[in-house]
Amino acid sequence: MKTCSIAVTAMTALLALSGGAIAAGGSPAAAGQAASSQVANPYAPNYDHPYRHGAVPTREAHAQMKQWAAFHLDTPAATGTQTLSYGGGIDGIGVTSGTPKVYLVVYGSQWGTAGTDANGNMTLSGDSAGAVPYLQQMFKGLGTNGELWSGVMTQYCDGAGVSSGATACPTGASYVGYPTGGATLAGVWYDNSAASPSNATAAQLGQEAVKAAGHFGNTTAASNRYVQYVILSPTGTHPDGFNTSSGQFCAWHDYNGDVGVSSSYGDIAFTNMPYVLDMGSSCGQNFVNSGSAGNLDGFSLVNGHEYAETISDQNPAGGWTNHTGSSYNGQENADECAWLSSGQGASANVAMSTGNFAMQSTWSNDTNRCDLAHPVVGGGGGGGTPTANFSYTTNGLTANFTDSSTDSGGSITAHAWTFGDGGTSSATNPSHTYAANGTYSVTETVTDGGSGKTSSKTASVAVSSGGGGGSQLIVNPGFETGTASPWSMSSGVLCSNSSCSGETAHGGTWFAWLDGYGSSHTDTVSQSVAIPSGKTSATLTFYLHIDTAETTTTTAYDKLTVQVLNSSGTVLKTLATYSNLNKASGYTQRSFDLSAYIGQSVTIKFTGTEDSSLQTSFVLDDVNLNVQ
């Protein structure tokens with residue numbers, strides 16, 4: 001088992017071989033466990049508690065650890081006594097090799113009544129010191145104002161090409177992501193369904209993390225791949241023995257499997273974050289700033305410590321830890337630099353767009369020292385290319401969306417929805433209730449956590465309070481499966497942004513391109529669909545872009561017809577005819593009432609015809625048939 005804790009005594013953190021702990025108020029040369037002798041430091045917070053990875057010892061405990069280490073541990077020759085090396089990964093996970101996401105979990109009804117401050121942060125009546133909004137501001141600030149504290153961690157990596165024991169990253173490795181744009185804080189949840197246990201066990205904390213993943217809709221391994229959950233316990237409680245004789249630490253981190261907790265959502269990384277102000281200066285109060293300005297220093301120092309260790313050792317100890325056999329053996333990047341108050345790497349304020357926050361330095365292999373700032377490493381090969389896609393059903397004024405986006409070579413870590421009425425959501429599969437009948441343009445944008453690439457899809461959603469469930473009947477409406485099926489279409493019509501130069505999709509990366517050859521040519525695109533009886537409305541919508549080399553302003557040489565056919569192929573109605581005269585930049589949404597065909601099986605058909613010279617392109621995307 002492997003975890004991270006922060007103990008109260010010395011200026012640096014110490015880890016035993018089996019786990020990492022930070023003693024409060026210690027120096028980096030703290031005692032741990034010597035590989036050569038397999039002797040564990042009895043004063044380390046993770047002694048007999050191997051799941052306490054990266055535990056931050058109290059400053060007092062850290063002093064005892066150093067003293068014991070001076071008499072009991074050897075320092076064998078190595079690359080460097082503080083050099084970190086790769087642990088090979090656990091369940092294929094070594095580091096957070098994508099854009100990091102943090103969810104804060106306010107654990108237990110003891111926190112009191114929730115409110116909101118001027119910055120949009122959750123406040124709690126049982127948090128008079130304001131620790132919860134303070135941490136929200138800190139995580140919102142990561143990746144802003146050009147801060148390079150986050151840059152130190154971007155030198156670490158994982159991936160198939162990174163061998164166990166590596167001390168540097170090879171070409172093609174997937175690097176820890178930089179939190180560009182201040183989007184690290186992904187959500188805050190006040191779980192007041194019950195009181196937090198007075199002395200929550202490691203398993204109970206792990207269970208709360210898994211529960212939080214379900215609450216936030218992160219119910220797949222992919223959705224949790226670059227995520228960590230911070231379990232915030234209320235003042236006066238003692239999670240895993242915090243602030244007791246057996247718990248001289250300030251915090252630690254781990255993942256669910258290491259504390260014996262099962263998860264159907266993939267591995268869940270989490271931090272045991274006690275109310276560190278209960279231990280005062282032992283856990284960092286006024287460590288950087290004096291007076292009231294430093295009252296909450298411990299929260300950013302300690303939680304920043306565990307955040308840095310989680311993204312560089314997400315499933316401990318499969319990421320980057322110390323294997324040198326020195327007194328640092330078993331420690332993580334932040335353990336080696338904890339509680340430094342002077343000299344290189346001394347804790348200091350880091351300026352972010354949301355304020356100044358007391359932060360500690362972390363170990364940097366490539367500079368061989370504790371650094372508070374480091375250039376962002378560009379990395380290589382990390383991440384992939386996402387393709388947005390979704391379906392939906394409606395019931396009255398409520399629309400329920402199901403994401404079906406894909407990612408080639410990476411994982412989607414963020415979803416951003418706009419519902420066409422000013423409403424938004426970051427959930428994977430959201431529901432939205434509209435205030436009035438109408439057809440709304442809904443867009444989902446997905447982001448790959450490693451590459452930062454995005455993809456968007458837009459669809460028209462019709463809702464009506466007239467009763468009855470609504471649905472969208474066209475299958476593969478935006479062609480985003482990358483195949484024609486179940487459409488019938490001419491050869492060469494199915495296109496992607498990368499395969500067909502000159503045109504691009506309206507949403508996502510795939511579209512249908514009819515004609516555009518500049519010679520006599522006909523293309524068709526069609527799909528058969530059954531419109532259920534009992535419906536009150538049926539609306540066909542699609543996005544159409546037309547460009548042409550024709551110069552005439554009076555003659556329609558090239559045409560696109562939109563028709564409804566019956567099951568025998570007979571044209572029931574020609575809905576519209578477009579031509580080179582309708583050329584325009586960008587896409588235009590078209591809409592037609594098909595209510596006359598409710599209860600029938602029909603074929604929606606697009607036919608593009610081009611004459612012998614001067615091309616006209618008819619570009620089609622996001623075809624929807626909404627029924628109510």
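This is a predicted model: local features need pLDDT of at least 70, side-chain atom pairs count only at pLDDT 80 or more; totals for chains, interfaces and linings use all residues.
Q: How far apart are the closest N and O atoms of Asp158 and Arg225?
A: A salt bridge puts a side-chain nitrogen of Lys or Arg within 4 Å of a carboxyl oxygen of Asp or Glu. Asp158 and Arg225 form one, and their closest N and O atoms are separated by 2.8 Å.

Q: Why does the pair of Asp158 and Arg225 tie together parts that are apart in sequence?
A: Helices (H or I, at least four residues) and strands (E, at least two) are DSSP runs, numbered from the N terminus. Asp158 and Arg225 form a salt bridge. Asp158 belongs to strand 11 (residues 157-158) and Arg225 to the loop between helix 3 (202-215) and strand 14 (227-232), so the parts they tie together are apart in sequence by 67 residues.

Q: What is the relative accessible area of Lys211, the salt-bridge partner of Asp191?
A: Asp191 and Lys211 form a salt bridge, with 3.1 Å between the closest N and O atoms. Asp191 sits in strand 13 (residues 185-191) and Lys211 in helix 3, so this pair ties together parts 20 residues apart in sequence. Asp191 is buried, at 4%, whereas Lys211 is partly exposed, with a relative accessible area of 38%.

Q: Which residue forms a salt bridge with Lys457?
A: The closest N and O atoms of this pair, Lys457 and Asp622, are 3.4 Å apart. The pair links distant parts of the chain, 165 residues apart: strand 30 (residues 454-463) holds Lys457 and strand 41 (residues 616-627) holds the partner.

Q: Which residue of strand 40 is the bridge partner of Leu565?
A: Two strands pair if DSSP finds at least two bridges between them. Strand 37 (residues 559-565) is joined by 7 bridges to strand 38 (residues 571-579), running antiparallel, and by 7 bridges to strand 40 (residues 601-610), also antiparallel. Leu565 stands opposite Val571 in strand 38. In strand 40, the bridge partner of Leu565 is Thr603.

Definitions and conventions: Residues are numbered from 1 along each chain as its sequence is written. Side-chain values use heavy atoms; hydrogens and water are left out. Buried means under 20% relative accessible area, exposed over 50%, partly exposed in between (1.4 Å probe, protein chains only).
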